[in-house]
Amino acid sequence: MNSTTIEQLFKFDQNVEVIHSLMESEDLYVVLKVCSTHARCPGCKHLSSRRHSRYARKADDLSVSDRSVHLTILLHKWFCVNAKCEIKIFTERLDWLQPSGRKTTRLEKLIRHIGFSNNCLVAEKVCRKMGISISHDAILYRVKKEVSAPSSYCPFRGD
Ligand SMILES: [Zn+2]
């Protein structure tokens, strides 16, 4: 896989750059850098262009060519520039990874589809075959969470 292909696979948004990748027999490790020039405070919604520091997050993504994909994402913390806001420093929010998520949104979506299509023990086996490391309990948690969320789509409710 050449570097252009790797970049296309992990172009989650316009600010994301692939800065390193390492392919092993069963895993693909990718380091991404988020190059945002500003970020929106999750509290007061003001835009800030004052960077505080850089930090790293780890997350898994959809597998590629039978390899589990492990991302290291370098991004920023920001100062909130609104003097009236209680939040002084905040972490950058990403559309493709929840604030405390350890799996990308697209991987979470796939796991939920598999979880709703099978019982959770079978879903765990399917996930393992696809290079997704997750327990049946974690799949069951996701299914229950979605079923109990009143506003979300659920195939069991017939909506
Ligand atoms: Zn704020």
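Which residue in β6 is the bridge partner of Val31? The structure is a predicted model, in which local features need pLDDT of at least 70 and side-chain atom pairs count only at pLDDT 80 or more, while totals for chains, interfaces and linings use all residues. Residues are numbered from 1 along each chain as its sequence is written, and side-chain values use heavy atoms, with hydrogens and water left out.

The partner of Val31 in β6 is Thr72. Helices (H or I, at least four residues) and strands (E, at least two) are DSSP runs numbered from the N terminus, and two strands pair if DSSP finds at least two bridges between them. Strand β2, residues 27-34, is joined to strand β6, residues 67-79, by 7 bridges, and these two strands run parallel. Strand β2 is also joined to β1 by 7 bridges, but here the strands run antiparallel; β1 and β2 form a hairpin with 3 residues between them, and Leu22 stands opposite Tyr29 in β2. Of the 8 residues of β2, 6 are buried, so the strand is mostly covered, where buried means under 20% relative accessible area, exposed over 50% and partly exposed in between, with a 1.4 Å probe and protein chains only.

The aromatic side chains can be followed next. A pair of aromatic rings is described by the distance of the centres and the angle of the planes. Rings of Phe, Tyr and Trp (its six-membered ring) pair if their centres lie within 6.5 Å, and planes under 30 degrees apart count as stacked, over 60 as edge-to-face and the rest as tilted. A search of the whole structure finds 2 such pairs. The rings of Phe10 and Phe12 have centres 6.4 Å apart and planes at 50 degrees, so this pair is tilted. Phe12 also pairs with Trp96, at 4.1 Å centre to centre and with 10 degrees between the planes, and this pair is stacked. Phe10 is buried, Phe12 is buried with a relative accessible area of 18%, and Trp96 counts as buried at 6%.

Charged side chains also meet rings. A charge sits over a ring if NZ of Lys or CZ of Arg is within 6 Å of the ring centre and within 35 degrees of the ring normal. Arg50 lies over the face of Phe79, at 4.3 Å from the ring centre, and Lys77 lies over the face of Tyr55, at 5.6 Å from the ring centre.
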